Amino acid sequence: MLLRPGHGPLVPHDPRDRRDPVTGDFGNRAATLIAASVGRDPFGPYNVYSIDATDPGGTECPCFGDQPLLGADANGLFVSTAEYSMAGTAFNGAQIYAMDKRALAAGGPLNVVHLRTGTTRTGTVQPATAPNGNYETAQQGTEYFMSSFECVPPDCGLQAGLLQNRIRVWAVTHTSSLRTGSPNLRLLQTDLTSEVYGQPVPQEQRPGPHPLGQSVGEPVPEVEANDARMNQVVWAGGRLWSGVNTIVTPGPRDGLAWFSVVPSVSANTVSADIRRQGYLAGRNAFLSFPAIGVNDAGRGVVAYSVMGPNRFPSAGWTRIDRSGAGRAVRIARAGFRPEDGFTCYTEFIGGDEALCRGGDYSASFALPNGEIWSATEFIGGNSRTTFANWSTFIWPVVR
């Protein structure tokens, strides 16, 4: 671990100061921004803070932190990013930033601890959230993380295509030290042998009106399922819950691999046991981007995007508990049209870079009253700008 005075103290931040004051162009500095509400009202006001993510000590930096992910334990707020070079092609792996969440809520200032994971074999290291504030208190406070392995040769553990059969559990211990002037965090990790998962294939969607694509003479596109990185992680009822996108058979088509893991920590190690795991797949359909929301009783839902040759991109879900996941693919909200964004078409992107991006921000969270609220991307009936037509659907399930 490394306390980086250059990253702190955190101070209220105006995002515009990263741009040229005359031209408005972005410069060679990067920041990860954090907003903390001044009071209990989620509508604000907020203090906005900035972590300098340029990382001058990183390979081919200045760099920026892509896809910031948020988690918390009783003591700290944790942000994980995927660090890429601004000047070159380097990927420096996941970076973890830890800070005292009480000082952050109180308005700062405070220092930030920067932890380098030391791995470039996973796109993200997902920090855990905890419903109802029931956190891991072992080893003076612990925050758990999970990650999968990028299935790109030669990194995959299996030889039969782009497949993998391992996941990783991480722990940051001594989080109570974040309240002191000398934080003493320890970053631990362990690998687990898991069910097989692998690089997903592009998803088919039902043909239909796609005015942007039709305007440039291109057909209804396929929708990327990105990769097999770990999605949202929840710490509930003594277990970690998460899932990944994966190719499944018969197909090729995409489904979900899910994991229910019991971790523990000691002074120098983190251990874990996969108590349950399995797959979710739809008949003649593609499932992607799972978010598992589970309460402290171990009951919840898996929320995800679902589409296929006979279905527009829709919001779906399946029940899950300590004994495993159900088999039924339930539709919370059916889509109305195909995905039709500008990134889908070579006319706007060019070459091989055109990709339909969809679904990769699903979320699911359990409330004390038994409701589990989820959100996924779908294609609504009244969502249309010039260059995009996606929507977000939010719904509750009572467990």
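Trainee: Where does R253 sit?
Mentor: R253 is in strand β15, where strands are DSSP runs of E of at least two residues, helices are runs of H or I of at least four, and both are numbered from the N terminus. This is a predicted model, in which local features need pLDDT of at least 70 and side-chain atom pairs count only at pLDDT 80 or more, while totals for chains, interfaces and linings use all residues. Residues are numbered from 1 along each chain as its sequence is written, and side-chain values use heavy atoms, without hydrogens and water.

Trainee: Is R253 buried or exposed, and what is the nearest side chain of opposite charge?
Mentor: R253 is buried and has no salt bridge; the nearest side chain of opposite charge is D254, 8.6 Å away. Buried means under 20% relative accessible area, exposed over 50%, and partly exposed in between (1.4 Å probe, protein chains only). A salt bridge needs a side-chain nitrogen of Lys or Arg within 4 Å of a carboxyl oxygen of Asp or Glu. For charge, Lys and Arg count as positive, Asp and Glu as negative, and His and the chain ends are not counted.

Trainee: Which backbone oxygen lies 2.3 Å from a polar atom of its side chain?
Mentor: That of G282.

Trainee: What else is R253 in contact with?
Mentor: Leaving aside neighbours within four places in sequence, the contacts (heavy atoms within 4.5 Å) of R253 include V201, T246, I247, V248, G282 and F286.

Trainee: Switching topic. Where are the cis peptide bonds?
Mentor: One runs from G44 to P45, with omega near 5°. P45 is in the loop between β2 (31–37) and β3 (46–52). Another joins T249 and P250, with omega about -5°, and P250 is in the loop between β14 (239–248) and β15 (253–265).

Trainee: What about phi of N226?
Mentor: Phi of N226 is near 60°, a positive value in a residue other than glycine. N226 is in the loop between β12 (223–224) and β13 (233–236), and counts as partly exposed at 22% relative accessibility. Q140 also is not a glycine and has a positive phi, about 60°; its loop is between β8 (126–129) and β9 (142–147).

Trainee: Last one. Which residues make the nonpolar surface patch?
Mentor: F342, F348, I349 and F387 make a patch of about 330 Å². F348 lies in helix α3 (residues 346–349) and is partly exposed, with a relative accessible area of 32%.

Trainee: How are patches and areas defined?
Mentor: Patch residues have over 30% relative accessible area and no salt bridge; like charges are joined within 9 Å, and nonpolar side chains (Val, Leu, Ile, Met, Phe, Trp, Tyr) within 5 Å. Accessible areas come from the Shrake-Rupley method with a 1.4 Å probe, and for residues only the protein chains shown count as cover.

Conventions. A polar contact is a pair of N or O atoms within 3.5 Å; within protein, one must be able to donate a hydrogen and the other to accept it, and residues adjacent in sequence count only if both atoms are side-chain atoms.
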